[in-house]
Amino acid sequence: MILAHPQLETVLELSGQKVMTLVVENQKFFREFLQDIQSQMDGYAGKTALSEQNKLLDWSKCAELIDHFLSMSLNRKSLLTKISAAMEGQAVSEEFYGRTTQLLSQVERYLDDLAFSMDCDVTCGECTVSGLLKAAGISLREDYTDPLEQILDYMELVRCYEREKLFIFVNLRSYFPDEAVSCFLHSAVAHGFTLLLVDSQEHARLPEEHRLVIDKDLCEI
């Protein structure tokens, strides 16, 4: 992937082979750069271009901006929707089809009997796998002791059930010690994830990263 911005002379090359770090010391540009990306993820026009093989990419489909490390959750609605759809597909596969039809029939019979026992005329709609999954309220287990391990699992889930994406981490280095971040980046590169770290100040350079610094005067270092 390639990321370009009108105020950046350097074009950022993003891949799963090395982690790109963009340090922006100018507060105004730091805010505007991230606001522009978030705005495009929300469906609006913007300045920052993301492309691959000379084709512009849709930010809302091909990237995620993560800046909430204190309340990180796997249970994002769109991801759960994709997992539910995958479970529905599995329910009618050769392995589960017989059990699925038997269970739905049993539930429908139970509901019919329950309705018949009432003192009013009750009817029930058709029982579906989708309805059962919605009623069950599926969610992803989140008993992690290491937040960075949770983030790695989240990226793997997104890759598996959605698509390959660019993951943009805002001030990740401010939340975790250098050694932990280095291990995290090493694992991310080993799995081929595409990452961009956007930091508001410089930290010790790690072996897994390339770095571009935008100083307070908007000069590139």
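Which handedness does the crossing of α3 and α5 have? The crossing is right-handed, and the paragraphs below place it within the rest of this predicted model.

The protein chain contains seven helices and nine strands. Its radius of gyration is 23 Å, whereas the globule rule gives 17 Å for 221 residues, so the chain is more spread out than a compact globule. Taken along the principal axes, the box filled by the C-alpha atoms of the protein chain is roughly 75 × 40 × 35 Å. Of the 221 residues, 39% are buried.

Helix packing comes next. Two packed helices are described by the angle between their axes and the distance between the axes. Helix α3 spans residues 77–91 and helix α5 spans residues 129–136. These two helices pack at an angle of about 135°, and their axes lie 10 Å apart. The pair is therefore oblique, since an angle has to be over 145 degrees to count as roughly antiparallel. On the α3 side, the contact is made by S84, M87, E88 and A91, which meet V129, S130 and L133 of α5. Sorted by class, the residues of this contact comprise four nonpolar, two polar and one charged.

Helix α3 also packs against helix α6, which covers residues 147–161. Here the angle is about 50°, again with axes 10 Å apart. That angle makes α3 oblique to α6. The handedness of this second crossing is left-handed, while that of α3 and α5 is right-handed. The residues that α3 brings to α6 are L79, K82, I83 and A86, and their partners in α6 are Y154, L157, V158 and Y161. This contact has seven nonpolar residues and one charged residue, with no polar ones.

Helix α6 holds another residue worth a look, Q150. Is Q150 buried or exposed? With a relative accessible area of 8%, Q150 is buried, because buried means under 20%. Leaving aside residues up to four places away in sequence, Q150 touches M72, S73 and L74 as well as E142 and Y144.

Most residues other than glycine have a negative phi. Against that background, N54 has a positive phi of about 65° although it is not a glycine. N54 sits in the loop between β4 (49–52) and β5 (55–56). Its relative accessibility is 85%, so N54 counts as exposed. L218 is likewise not a glycine, and it too has a positive phi of about 65°. The location of L218 is the segment after β9 (209–214). At a relative accessible area of 38%, L218 is partly exposed.

Methods: Residues are numbered from 1 along each chain as its sequence is written. This is a predicted model: local features need pLDDT of at least 70, side-chain atom pairs count only at pLDDT 80 or more; totals for chains, interfaces and linings use all residues. Side-chain values use heavy atoms; hydrogens and water are left out. Axes are lines fitted to C-alpha atoms, for helices over the stretch in contact, and angles run from 0 to 180 degrees between N-to-C directions. Helices (H or I, at least four residues) and strands (E, at least two) are DSSP runs, numbered from the N terminus. Angles under 35 degrees count as roughly parallel, over 145 as roughly antiparallel, 65 to 115 as roughly perpendicular and the rest as oblique. A crossing is left-handed if the near helix is turned anticlockwise from the far one by less than a right angle, and right-handed if clockwise. Contact means heavy atoms within 4.5 Å. Ala, Val, Leu, Ile, Met, Phe, Trp, Tyr, Cys and Pro count as nonpolar, Asp, Glu, Lys and Arg as charged, and the others, Gly among them, as polar. The radius of gyration is taken over C-alpha atoms; the globule rule is 2.2 Å times the number of residues to the power 0.38. Buried means under 20% relative accessible area, exposed over 50%, partly exposed in between (1.4 Å probe, protein chains only).
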